[in-house]
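Subject: Structure handover

Hello,

Here is the structure for you to look over. My notes on what turned up follow below it.

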Amino acid sequence: MPRYDYRCRACGDTFELNRPMAESSAPAACPQGHADTVKLLSTVAVTGRSAATPSAPSGGGGGCCGGACGC
């Protein structure tokens, strides 16, 4: 389930909520009970191996998946 960051305009607290994407734009009250909050834009860090690592199979054309499918 996605985690969304919010900031309360009344007290300035920043807090997180786990909620379904369908409820991402629904109002969110801060932990102090204030209703005037805004959803913050957050960055995403993805770690792990990618198709461009030296251990990736060589030979493809570098298409949609970095050459792994041979396109």
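Strands here are DSSP runs of E, at least two residues long, numbered from the N terminus. With that in hand, Pro27 sits in the loop between β2 and β3. Please keep in mind that this is a predicted model.

**Overall picture**

The protein has zero helices and three strands. Along the sequence the pattern reads β-β-β. Of the 71 residues, 15% are buried. The accessible surface is about 5,400 Å². Carbon and sulfur atoms hold 53% of that surface. Among contacts with a separation of 6 or more, 27% link residues 24 or more positions apart.

**The core**

Which residues make up the largest nonpolar core? There are six: Tyr4, Tyr6, Cys8, Phe15, Ala28 and Cys30. Strand β1, residues 3-8, gives the largest share of this core, with three residues. In soluble globular proteins, nonpolar side chains tend to be buried together.

Leaving out residues up to four places away in sequence, Phe15 touches Tyr4, Asp5, Tyr6, Arg7, Cys8, Ala28, Ala29, Cys30, Pro31 and Thr37. That list includes the core residues Tyr4, Tyr6, Cys8, Ala28 and Cys30.

The count of aromatic pairs comes to one. The partners are Tyr6 and Phe15, and their rings are stacked. The ring centres are 5.6 Å apart, with 20° between the planes. Tyr6 and Phe15 are both buried.

**The cysteines**

The closest cysteine sulfur to that of Cys8 is in Cys11, at 3.6 Å. A disulfide needs the two sulfurs within 2.5 Å, so the Cys8 and Cys11 sulfurs are too far apart for a bond. Cys30 is in no disulfide either. For Cys30, the nearest cysteine sulfur is that of Cys8, 3.7 Å away.

Are Cys8 and Cys30 buried or exposed? Cys8 has a relative accessible area of 2%, so Cys8 is buried. Cys30 counts as buried because its relative accessibility is 4%. The cut-off for buried is under 20%.

**Thr14**

Thr14 lies in strand β2, residues 14-18. Thr14 is partly exposed, with a relative accessible area of 48%. Beyond residues up to four places away in sequence, Thr14 touches Tyr6, Arg7 and Leu40. The side chains of Thr14 and Arg7 are joined by a polar contact of 3.4 Å. Val38 is 24 residues from Thr14 in sequence. In space, their C-alpha atoms are 9.6 Å apart.

**The loop between β2 and β3**

Ser24 is in this loop, and β3 covers residues 37-39. Ser24 counts as buried because its relative accessibility is 17%. Setting aside residues up to four places away in sequence, Ser24 touches Tyr4, Tyr6, Arg19 and Lys39. Pro2 is 22 residues from Ser24 along the chain. The C-alpha atoms of Ser24 and Pro2 are separated by 8.7 Å.

Back to Pro27, in the loop between β2 and β3. Is Pro27 buried or exposed? Pro27 counts as exposed because its relative accessibility is 75%. Pro27 and Thr37 are ten residues apart in sequence. Their C-alpha atoms are 7.6 Å apart in space.

**In brief**

There are three strands and zero helices.

Best wishes

Key. Residues are numbered from 1 along each chain as its sequence is written. This is a predicted model: local features need pLDDT of at least 70, side-chain atom pairs count only at pLDDT 80 or more; totals for chains, interfaces and linings use all residues. Side-chain values use heavy atoms; hydrogens and water are left out. Rings of Phe, Tyr and Trp (its six-membered ring) pair if their centres lie within 6.5 Å; planes under 30 degrees apart count as stacked, over 60 as edge-to-face and the rest as tilted. Buried means under 20% relative accessible area, exposed over 50%, partly exposed in between (1.4 Å probe, protein chains only). Helices (H or I, at least four residues) and strands (E, at least two) are DSSP runs, numbered from the N terminus. Contact means heavy atoms within 4.5 Å. Accessible areas come from the Shrake-Rupley method with a 1.4 Å probe; for residues, only the protein chains shown count as cover. A nonpolar core is a set of buried Ala, Val, Leu, Ile, Met, Phe, Trp, Tyr and Cys residues joined through side-chain atoms within 4.5 Å. A polar contact is a pair of N or O atoms within 3.5 Å; within protein, one must be able to donate a hydrogen and the other to accept it, and residues adjacent in sequence count only if both atoms are side-chain atoms.
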